[in-house]
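User: I would like to go through this model step by step, starting with how its terms are defined.

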Amino acid sequence: MGKRIREIVSSSVFLAIIEKMLEMTINFVFSMVVVRLLNIKDYAVITTFTGYMTFVSFINIPPETFLYKSYSSYNKKERDEKITSFLFFDSIKAFIILCTYLIIGYMLSQKFNNIYYFFIALTNGLIIVAEQFYCIGRIILELNSKQYKLTKLTLMARVLRLALIFSLLIKNSFIIYCSVMIFAAYAEDFIGYKIAIKEIRYNFEFNFKNIIMRNNIFFRIWLKIIIISRYQNNIVCLL
């Protein structure tokens, strides 16, 4: 039994390393293609907004990482209630980030007189919404030793995005770039979520009282982590 567990862990770690290496390679090629095909002014919009995203990304902390610690101790009903609570919390968090992105995008579009800043803000906001489902789906697959499925899904999604971006050869359009990013993200995120949910036979367990209580705890922990993160960043900046 112990030997079997070690083999599963070793295989999962090996696949995770291969996944990261190939993902980095494909992402690098994707970036080079975008730089070559997209108008330089449009690419400047993407890079400028990416810089602003770093100031918001610290609030995108997934509470479902707590599943790594106690997942095996839950029965099916408890597990389903936990997942429902995480999805509820993540939906609220994603809405906050989306609204923040839209506000930043609107301000930048007014400042530089370029509506594309608002479009890229909307694109990244919608991707953040999709990522909330993928994050918990990824964790579930990892905890159920399904790294092979996860690696296969990730690489297929990256290759799909790379293939679709060549549509810029047909028409060099910022809107096409945004559409490709949104489509590829939702394809990966929702397929990954569906595979994970099917894997554990998840049932939507909605206990309003438990969800409110748990999300109150998540919210307090989330705020504390954000405060600590910002404090550490300020210390680094001062040094």
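Analyst: Buried means under 20% relative accessible area, exposed means over 50%, and partly exposed lies in between, with a 1.4 Å probe and protein chains only. This is a predicted model, in which local features need pLDDT of at least 70 and side-chain atom pairs count only at pLDDT 80 or more, while totals for chains, interfaces and linings use all residues. Residues are numbered from 1 along each chain as its sequence is written, and side-chain values use heavy atoms, with hydrogens and water left out.

User: Is arginine 158 buried or exposed?

Analyst: Arginine 158 sits in helix α6, residues 147-165, where helices (H or I, at least four residues) and strands (E, at least two) are DSSP runs numbered from the N terminus. Its relative accessible area is 15%, so arginine 158 is classed as buried.

User: Which side chain is joined to that of arginine 158 by a polar contact of 2.9 Å?

Analyst: A polar contact is a pair of N or O atoms within 3.5 Å; within protein, one must be able to donate a hydrogen and the other to accept it, and residues adjacent in sequence count only if both atoms are side-chain atoms. Leaving aside residues up to four places away in sequence, arginine 158 touches Ile26, Asn27, Glu188 and Glu23, where contact means heavy atoms within 4.5 Å. The side chain joined to arginine 158 at 2.9 Å is that of glutamate 23.

User: Is methionine 107 buried or exposed?

Analyst: Methionine 107 is placed in helix α4, and 8.6 Å separates its C-alpha from that of tyrosine 117, 10 residues apart in sequence. With a relative accessible area of 54%, methionine 107 is therefore exposed.

User: Which helix supplies the largest share of the lining of the largest pocket?

Analyst: The lining of the largest pocket comprises 35 residues, and those nearest its centre are Asn124, Ile127, Glu131, Arg161 and Met181. Helices α1 (2-37), α2 (40-53), α4, α5 (116-143), α6 and α7 (174-200) each give at least two residues to this lining. The largest share, eight residues, comes from α5.

User: How many helices does the protein chain have?

Analyst: Of its 239 residues, 40% count as buried. The protein chain has zero strands, and its helices number eight.

Definitions and conventions
1 Å grid on protein atoms, 1.4 Å probe; cavity = no way out; pocket = protein on both sides within 12 Å on 5 of 7 lines; lining within 4 Å.
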